[in-house]
Amino acid sequence: MGEERDAAAPESSTESADSESDDAAEKSDASVDESEATPDGGTAEAATVADETEAVGENEPAVDDEIAEGPPADEEMPLADHIEEMMRRLGIVFLVAGVAIAVVYPFSPDIINYLWSTHIPSPLENRPRLYGPLEFILTKLKVAGLAGLVIGLPVFVYQTYRFMKPGLYPNERRYYLAAVPTSLVLGVFGVLFAHFLVLPLIFRYFTTYTQEAAVIAFGLQETFNLILIMMGWMAVVFQIPLFIMLAIMMGLVTRRWLEAKRLIFWAGFLGLAFLFSPDPTGMAPIVVTLTMVALFEGTLALLRWTGN
């Protein structure tokens, strides 16, 4: 019996030691859990990761929000208000052009005589022929309308600036405002280019290939349709450098993109020239197309040379 008690004693002490070690391990785990626990039931490690994520999120710029948002002055407007404002802006353009027409109309006979004596060969012999009672009045209106077009171009540019001003950044506003006087200067240069270079070339071509076949009779209305359309066309065509510069400065296109798509632009120039030209022989459209291509390529070459 004594030996059995002595044998059982080590076993009892071993079991008690094992139970004490298990209790100590459980208390240690509980203390670790309590030290790492956070008030919201998480752990300290998880809270640290969350804090780091929030810090990174705060430091990163909100690129998407900056891209999506426009200038501070940009506000949402109903479509009806946009249409109403656009019609009001166009009304101002037509009003200014109408005033220019009214101012120039009394001087239109002198302008007709000047253009006739400049571009028609032997103007004293080839007096203008009228084939209708209203031809002279309509021709005077068309001559005055050319002045309205030249004056209306910068007004149109300014009114488009006023229409888009809330959605433009400050640098874009400066570019647009600088385009207003530039548009007037380019329009005047276009009219002068047609007057001194294009029209003499076209009339010399017309009279050369027809004078041996028939006697040329210059009708007032048809002749001035050609003169005024070519001048008006050139006033618009000479706006190409301005449109290219505005598009590049506002970030709509790049010079490299325009150079890569140049053949498409050349084809578009040719189509527009033949669509709106009054010359069925093709001479005037070719001259207009070459002018448009020269302005397009000249502007790109200038940008390339300046490094912009």
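Which helix supplies the largest share of the lining of the largest pocket? Keep that in mind while opening the model, which is a predicted one.

**Stop 1: the largest pocket.** Select Phe-203, Phe-206, Glu-222, Thr-223 and Leu-226, which lie nearest the centre of this pocket among its 16 lining residues. The space here comes to about 390 Å³. Now colour α7 (170-210) and α8 (220-237); each gives at least two residues to the lining. The helix asked about above is α7, with five residues. By class, the lining holds nine nonpolar, five polar and two charged residues.

**Stop 2: the second largest pocket.** Move on to Ile-240, Phe-243, Phe-265, Phe-269 and Met-292, the closest to the centre of the second largest pocket, which is also lined by 16 residues. Its volume is about 270 Å³. To see where the lining comes from, show α8, α9 (240-249), α10 (255-260), α11 (262-276) and α12 (283-306), each of which contributes at least two residues. Of the lining residues, 15 are nonpolar and one is polar, with no charged residue.

**Stop 3: α11 against α12.** Keep these two helices and hide the rest. Their axes are 8 Å apart, and the packing angle is about 150 degrees. Because the angle is over 145 degrees, α11 runs roughly antiparallel to α12. The crossing of the two helices is right-handed.

Next, show side chains at the contact. On the α11 side, select residues including Phe-265, Trp-266, Phe-269 and Phe-274; on the α12 side, residues including Val-288, Met-292, Phe-296 and Leu-300. The contact of α11 with α12 has twelve nonpolar, one polar and three charged residues. Arg-262 in α11 and Glu-297 and Arg-304 in α12 are among the residues that meet there.

Methods. Residues numbered from 1 in each chain as written. Predicted model: local features only at pLDDT ≥ 70, side-chain atom pairs only at ≥ 80, totals over all residues. Heavy atoms only, no water. 1 Å grid on protein atoms, 1.4 Å probe; cavity = no way out; pocket = protein on both sides within 12 Å on 5 of 7 lines; lining within 4 Å. Points joined across faces, edges and corners; volume = space filled by probe spheres on them. Helix = DSSP H or I, 4+ residues; strand = E, 2+ residues; numbered from the N terminus. Nonpolar A, V, L, I, M, F, W, Y, C, P; charged D, E, K, R; others polar. Axes fitted to C-alpha atoms, helices over the stretch in contact; angles between N-to-C directions. Parallel < 35°, antiparallel > 145°, perpendicular 65-115°, else oblique. Left-handed = near helix turned anticlockwise from the far one by under 90°. Contact = heavy atoms within 4.5 Å.
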